[in-house]
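Hi,

Here is the structure I promised to pass on. Have a look at it first, and then read my notes below.

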Amino acid sequence: MSGPSPADEIQAIGTPAKQTGEISCGACGESNPAESQFCAGCGHALYEPCGECNKPVLLSQAFCGACGSDLDARFKKRKAILEARIADAVIATKEKEFERAQALLALVTREKDYRLKETVANAVIAAEKINAIATQESASASDQIAAAQEAFERAEHQRVVELLGNLSPKLLTDDAASQLKRSREHLARFGQAQSSLQEAFQKRDWSSAGVILDQLLELQPDDQSVAKLATKVGKKLISKATALTEKHKYSSAASRLDCVPENARDDDYQALCQRVQRMQWLAEQFSQEPFATPTLGRLSQFWVQQSGGDPKAKAMLDQISTKIRGPKSSPRDLYAPLSEFRVSSFGGDIGFLGSPQCVDVSAADEQTEKTFRSLPGQFNVAIGMALQGLGQGRIKEDFAPKKGLLKRLGRKKSPSCWGFDIGSSGIKAVCLQTTPEGKTQLIQCYRHAFEMPLGRHTSESEYDEVIRNAVTEFLSQHDVTGSDVWVSFPGRELVSRFVKLPPVADKQVKPLFDKEVESRIPLSRDEVALVSWVAGAPEDELAVIGRPAFASAARKQFVERYLENLALAGLEVEGLQAAPIALINFAMIEFADSLTCELSESRDDDGELKLPAIVLFDCGAEMTTAILVSDHSCWFWSFEYGGGDFTRLISRSTKTTQTEAETLKRNPAKLSAPETQLESVHHKMEEMRARFRKTFSDLMEDHEELDVQQTWCFGGGAMTLGWIKRTLCEHE
């Protein structure tokens with residue numbers, strides 16, 4: 001017979017070895033058959049896996065029969081871990097981490113081993129206590145959060161910190177946490193401010209003290225002690241500022257006034273602030289002003305009066321008075337220079353073109369000369385119109401319909417011409433004639449101002465009626481028989497394009513130019529009247545700049561209506577020209593000597609070609625026209641800004657009529673508060689400056705050959721206080 005096979009001794013993992021007899025349950029003492037896994041009396045497990053070999057062992061075994069592992073020691077270690085979790089839960093409870101404490105105890109209470117009964121019972125008791133504490137703490141926290149909310153709304157920040165500071169962050173709502181943080185920050189700022197205030201008092205630094213007290217008032221608005229202290233310090237600062245103002249130290253006075261606490265800013269404070277602000281503003285108006293003007297003279301006198309005899313104001317008044325009576329920089333200049341610094345940001349020095357030299361005034365009668373001198377620099381468009389009518393100037397074409405050959409042959413050229421500048425503020429006209437010696441003389445001069453300027457929103461019917469009535473009045477006083485009549489219209493009616501053609505011959509240039517005009521002007525040729533100019537074929541040295549050209553289009557519908565309206569008034573027009581083009585003709589005659597140069601001398605140190613150029617700005621009532629001319633090129637722009645904008649802004653700020661505002665614009669010393677009432681005007685000037693600079697910089701980037709040597713301005717709007725300085729001057 002063979003013996004038992006070794007395979008018969010192999011047991012499945014996790015299956016207890018075959019036992020004989022009965023097994024007593026350690027949990028309830030019930031006897032169970034040897035092959036039982038669980039107690040039939042209480043259902044408790046009778047076996048557990050060995051921690052070392054994973055073989056099943058009785059819960060009551062001290063050592064593993066398979067590997068000899070000390071089961072009792074391993075159990076004690078397991079029990080110690082559970083007891084440690086109970087201890088950690090107690091610590092978490094003390095730290096108000098109730099959720100963590102309950103999670104730790106849950107790991108203990110889910111144990112089912114009868115040997116851990118006491119440990120589990122302790123965990124259950126601990127969990128009940130912690131739940132009770134958590135409930136109590138939560139209720140208490142809710143009460144404290146509610147009380148803190150009320151305290152926060154009353155700005156009792158110390159109370160908020162007392163109520164919420166000791167609560168666990170886990171018990172705080174988002175709003176409560178935010179209130180606690182802001183209250184702590186508030187108290188920190190308050191403490192720092194108090195410390196800084198004490199330091200300022202020790203140094204008798206009332207300016208710093210005033211600023212700090214203002215902060216404390218903001219932090220503790222109901223603190224009467226702080227309010228009284230702020231009032232006291234404010235009076236000290238106002239007293240010091242008053243003394244500094246009497247000594248004409250306005251900047252120092254202003255710095256003291258800036259530090260006065262808010263609750264000390266009474267009527268006396270406001271009056272002193274206004275006075276100091278005005279003195280500072282007045283003192284700043286003369287800085288970098290290029291010319292000694294009557295407006296600056298009146299303003300300096302106003303400064304002397306308002307300051308009570310400030311030595312600086314007296315010195316400025318004396319300086320301006322002396323300069324006004326002194327020599328001008330050139331015969332063209334309307335004003336004498338106030339300072340050496342009158343450099344234009346567009347190139348060269350700035351001048352105010354008040355006395356054109358291309359027209360001889362000596363032959364005019366006394367009344368004509370008086371009218372001409374009364375509006376210096378404001379007849380330049382009219383002069384340009386008359387010059388073209390006399391056959392002078394660069395631009396020969398005009399917008400009037402071309403007359404038939406028979407009419408042109410039958411009409412004798414007149415030796416004199418009336419040039420009309422019909423603008424938004426009125427009509428200005430001159431009659432010029434050419435002498436046998438080639439001089440251009442002023443024969444007559446006329447000016448008519450409209451009752452109200454023709455603004456951008458004036459209706460066509462009203463526009464036509466005002467002009468018609470003004471022309472009728474002119475004709476009732478003047479006989480134009482025997483003279484040609486040339487009339488201008490505003491540049492805003494134009495669509496203009498400037499191009500640079502290749503340096504080709506005349507026969508080749510026409511088709512090139514026509515093609516450019518067709519592509520660049522988005523209007524049908526049948527709908528527009530067109531004026532164009534192309535520079536002559538350049539000499540060899542100028543070939544690099546090509547042939548500059550421009551085309552300007554005006555709608556035929558406008559041209560026909562405009563001429564028909566003048567005809568209804570009885571004015572027969574020989575030529576019609578846009579105001580900007582009239583200024584080009586004027587500039588080319590007026591500055592002919594300055595623009596002509598020898599090409600051999602027109603190069604810089606690097607050998608680059610540089611052609612002298614001149615910039616002109618005509619600031620009218622509703623528009624500002626800018627032109628740039630050289631001996632070989634020309635450009636012009638019309639900007640929707642003018643003196644009328646300044647008048648309307650002053651009218652708005654002073655709550656006066658436009659007629660009254662126009663008077664105040666010409667004499668700002670009459671303004672009740674010029675430091676604030678002119679603020680919007682100066683902002684508008686800065687806006688104009690930005691537009692001018694952008695336009696010119698774009699052009700100069702493409703035309704580096706131009707060397708602007710002079711900048712001239714004229715027009716009524718250019719006489720506004722600060723216009724030249726703020727729009728044209730190169731600021732230091």
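**What I found**

Let me start with one glutamine: setting aside neighbours within four places in sequence, Q179 is in contact with A148, Q149, F152 and V160. One of those partners also makes a polar contact, with the side chains of Q179 and Q149 joined at 2.5 Å. Q179 belongs to helix α5, which covers residues 174-203. Its relative accessibility is 7%, and because buried means under 20%, Q179 counts as buried.

Before going further, a word on what you are looking at. This is a predicted model, with an average pLDDT of 88 and 94% of the residues at 70 or above. Residues 1-18 are a stretch to treat separately: pLDDT is below 50 there, and the model gives this stretch seven contacts beyond near neighbours in sequence. Residues 405-410 also stay under 50, with one contact beyond four places in sequence.

Along the principal axes, the C-alpha atoms fill a box of roughly 160 × 85 × 60 Å. Buried residues make up 47% of the 732. Of the contacts with a separation of 6 or more, 64% are between residues 24 or more positions apart.

If you want a residue pair to click on, G419 has W486 in β11 as its bridge partner.

Which residues of α13 are buried? The list is N380, V381, A382, I383, G384, M385, A386, L387, Q388 and G389. That is ten of the ten residues in this helix (residues 380-389), which is mostly covered. Just after α13, G391 takes a positive phi of about 90 degrees.

Strand β17 (residues 624-630) has seven of its seven residues buried, so it is largely enclosed by the rest of the structure. You can see this on both faces: T624, A626, L628 and S630 are buried on one side, and T625, I627 and V629 on the other.

β17 also has two antiparallel partners to look at:

- β16 (residues 611-619) pairs with β17 over seven bridges. The two form a hairpin with four residues between them, and F617 has A626 in β17 as its bridge partner.
- β18 (residues 634-639) pairs with β17 over six bridges. Here the hairpin has three residues between its strands, and T624 stands opposite F639 in β18.

That is my tour; over to you.

Cheers

Notes: Residues are numbered from 1 along each chain as its sequence is written. This is a predicted model: local features need pLDDT of at least 70, side-chain atom pairs count only at pLDDT 80 or more; totals for chains, interfaces and linings use all residues. Side-chain values use heavy atoms; hydrogens and water are left out. Buried means under 20% relative accessible area, exposed over 50%, partly exposed in between (1.4 Å probe, protein chains only). A polar contact is a pair of N or O atoms within 3.5 Å; within protein, one must be able to donate a hydrogen and the other to accept it, and residues adjacent in sequence count only if both atoms are side-chain atoms. Contact means heavy atoms within 4.5 Å. Two strands pair if DSSP finds at least two bridges between them. pLDDT is the predictor's confidence in each residue, from 0 to 100.
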